[in-house]
Amino acid sequence: MRLDKLLAHAGLGTRKEVKKLITAGEIAVNGETIKKPGFLVDSQADQVTHLNYPVNYQEYYYVMLNKPDGLVSATQDNVYETVVEWVELDYHHVDLFPVGRLDVDTTGLLLLTNDGQLAHQLTSPKKQVPKTYWALVEGQVDEAVIQAFNKGMDLGDFQTLPAELEVQEQDRHTNQSQVLVTIYEGKFHQVKRMFEKCDCKVLELHRLSMGSLVLDEQLDLGDYRELTPEELELLEQEL
């Protein structure tokens, strides 16, 4: 890897900024001052320092976001603020992207990463990674609806896989129910469309988990943190 690329990925600045650090003689590799931005380094074996302080290079990042309402799950958008822009202050030096998507008005667990292979595996239909949501629903969520989810349903453009639906609480006066629903794919507006097929309307939708990855209850809406080694290991094991 080029030295300037490693320094930029480590968060020391843009490519242009880190080139100035290198040519100014502020960077050393294995104790030797290097002034060539294109100098090749081994990110695993070589020790890189800036003014004698170690440079910590990290190839892949895995960020858990408790997505708030109003953010779009994309890297760029002409209308809404994106989830990538939301975390940009801390991860401007990394080309993060969302793993899958949540609707703009859906909240909860969203994973951001620059690891394309892991993202592909998590979103691949062949893997059938379970995704669990809490939902506030208007309408009668009765046994017939539960069975419709369990069997899978024809939404016109695709047939859903069998899903799991559990009613947590019902309010007869407001005609609303709080439910947990687990799906094994992630088509556009899928959960909302499945309820609409059963003459119900989703009022609120909040993702709680994706595979073994569970939303940290300590994260308020809009908060984010990197995955722990244990969380990442569990994800990788099930894929």
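The model is a predicted one, so local features need pLDDT of at least 70 and side-chain atom pairs count only at pLDDT 80 or more, while totals for chains, interfaces and linings use all residues. Residues are numbered from 1 along each chain as its sequence is written, and side-chain values use heavy atoms, with hydrogens and water left out.

Salt bridges come first. The structure has 7 of them, a salt bridge being a side-chain nitrogen of Lys or Arg within 4 Å of a carboxyl oxygen of Asp or Glu. One of them joins aspartate 4 to arginine 2, with the closest N and O atoms 2.9 Å apart. Aspartate 4 is buried, at 0% relative accessibility, whereas arginine 2 is partly exposed at 35%. (Buried means under 20% relative accessible area, exposed over 50%, and partly exposed in between, with a 1.4 Å probe and protein chains only.) Arg2 and Asp4 also belong to a salt-bridge network that takes in Arg15.

Another salt bridge pairs lysine 192 with aspartate 105, at 2.7 Å from N to O. Lysine 192 sits in helix α7 (residues 190-197) and aspartate 105 in the loop between β8 (97-98) and β9 (107-113), so the pair ties together parts 87 residues apart in sequence. Helices (H or I, at least four residues) and strands (E, at least two) are DSSP runs, numbered from the N terminus. Here, too, burial can be given for both partners: lysine 192 counts as buried at 15%, and aspartate 105 is partly exposed at 41%. Aspartate 216 and arginine 225 also meet in a salt bridge, at 2.9 Å from N to O.

Glutamate 88 belongs to helix α4 (residues 88-91) and is partly exposed, with a relative accessible area of 44%.

Neighbours within four places in sequence aside, glutamate 26 is in contact (heavy atoms within 4.5 Å) with Leu21, Thr49, His50 and Leu51. Its C-alpha atom is 8.3 Å from that of asparagine 52, 26 residues away along the chain.
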